Amino acid sequence: MTTQYTYPSLGEAIKYFVSTMGILPRKNEAKENTHTSEAEKKKIQKQIERLAREEGHLQAQFDALIPSINNYLKDSISCPIVAAQICSVANKLHDSYKELLVSQGTFMSQRDTVLYFIKNFAIEACVTESSLAYLIYQDLRPDAVWPEEDFWYLPEEKDGKIVWPIANAMKWAYSVTDLSQTQFHKPADSQDVFNRLENNFKNASKWTRGKSIPSMLGLTKNIRDSLEAQENNGKKIPSEVKDSILATISLSLALTSLAQDVKRNYGTETLFQLTDQIKQYVCWIREEIDEFQKNYSEEIQAREIDDNISAQKLKYKMLSSYIPFFHEKCQRARHPISEYILHQRSIDRAMVNWLAKKYGNYAAKVPEYAYDISPVNVPEGFSLLMPIALTMINDNNITSKDIDDFSNSLQAYNLDKQLPWVTDWLYGGYYYRKDDFEKAHQHFQKSFQYGKYRAGNTFYRTLNQHIEICAKLDKWREFKKAALWAKYLGIPVRWLRDEEPTDENLRVAYRYLGLKNCKYPRL
């Protein structure tokens, strides 16, 4: 039960992203031709599993994993525009999730906590980063073609059934090549000795009808086979169009997997609530993108620029100013709104409207929208007991009976499962002040394990006390593991701070924190 009210670990989140993107093949496809060897695939799988289990030097493992993931994506995302969008979104989601883990604790179930992250952070990150990345990189493929439907990448309900993004993408591929589904996958005059094209057609029919969902490698192989068959049959398809088809269909598979997971875990109503949220955010950010495009066009005309190279140089120069300006607008608008929500637990609609006029709808109305669809119900007793705990941790006169009474209060409010780390934190501080480091270690160790994906900004304190006690008791391996985990999430470690977590730097912190007479007066 102690793991029920928690965030998923950062390693679990990375593993889910890799799985959803279809980066690693299924067993029956292990021998397909890719840019990566079988040995490398197995190595990546082990790295991801170790990250999920939080074993070893986490940051070094994560850094080593990124180039391998990028190499895998080349197998299916050959269009640089879409590849840039995916990378931008992935980086922002990673940073946002780390920031959330460090800054905000949770008292919700893991299921509700994940939905909270989606509504309040993930959707905004996806819309912002994909929109700005497209604006930056669209000139890399000026002849690329994309679905004309505004929201082809979202599920929709038709005739009582859900049409998934993969169906939209494949139907668009048939349309853009002026072919029927049958003609696309098995041209009439193609040789099909082993029924490969026939099987591809049958599988594609299932995917477009929502009967099954393929792996990424299975999907891209099907599409590549079909495009190759068209070439062999005399139909020339421009390389930009082929890249767009592969990128669009590959992306649609990842989006379909995400959407189906949402439906499976939260239901159809929540799925379409989230699609409505995406549509609204996209409409608001288009106002920003359209304004930039208008200013860019006016500059082109004013400077009488008539060649692509000069136009691109101007665009990148304008973007170098516009993008920081855009982010600053969002920050300026959202800071007062977030502060009001934090202290008043409500929204000041008049303030939001005023800020929207000054900074734009996307800057001001995103937090309002997220607040309206994602109300947070603080459990009874939480706002009462947490301030008491923060006072007790530094009370030199506190007794073990006081801590027992506090623990009983947690249980009385049914908060012992939401806050399983707090009582041990208090006991750790109690024995620390008495120089009983062995007993302090027992409690700080539990507080570290129970609080690491629950405690938010409060966790800095219990983490550093755990690390210090490990040093004082000469528990190097335990010290190192906790310190590396902290650096992985971006939590400062005393005597290490911004230094790289090399063995040498860790030993310096270990030596100073291990001094028996060097104690912190405030915990």
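**View 1. Overall fold of the predicted protein chain.** The protein chain contains 21 helices and 2 strands, and the coordinates come from a predicted model. Taken along the principal axes, the C-alpha atoms fill a box of roughly 85 × 55 × 50 Å. Of the 523 residues of the protein chain, 49% count as buried, and among the contacts with a separation of 6 or more, 71% are made by residues 24 or more positions apart.

**View 2. Surface and charge of the protein chain.** The side chains include 69 positive and 67 negative ones, with the centres of the two sets lying 5 Å apart.

View 3. Glu499 is classed as partly exposed because its relative accessible area is 46%, a value that lies between the limits of 20% for buried and 50% for exposed residues.

**View 4. Helix 1 and the glycine that follows.** Helix 1 spans residues 10–20, and its buried residues include Leu10, Gly11, Ile14, Val18 and Thr20. In an α-helix there are 3.6 residues a turn, so residues three or four places apart point the same way. After helix 1 comes Gly22, whose phi is positive, near 70 degrees.

Conventions:
Residues are numbered from 1 along each chain as its sequence is written. This is a predicted model: local features need pLDDT of at least 70, side-chain atom pairs count only at pLDDT 80 or more; totals for chains, interfaces and linings use all residues. Side-chain values use heavy atoms; hydrogens and water are left out. Buried means under 20% relative accessible area, exposed over 50%, partly exposed in between (1.4 Å probe, protein chains only). Helices (H or I, at least four residues) and strands (E, at least two) are DSSP runs, numbered from the N terminus. Contact means heavy atoms within 4.5 Å. Lys and Arg count as positive and Asp and Glu as negative; His and the chain ends are not counted. The place of a charge is taken as NZ of Lys, CZ of Arg, CG of Asp or CD of Glu.
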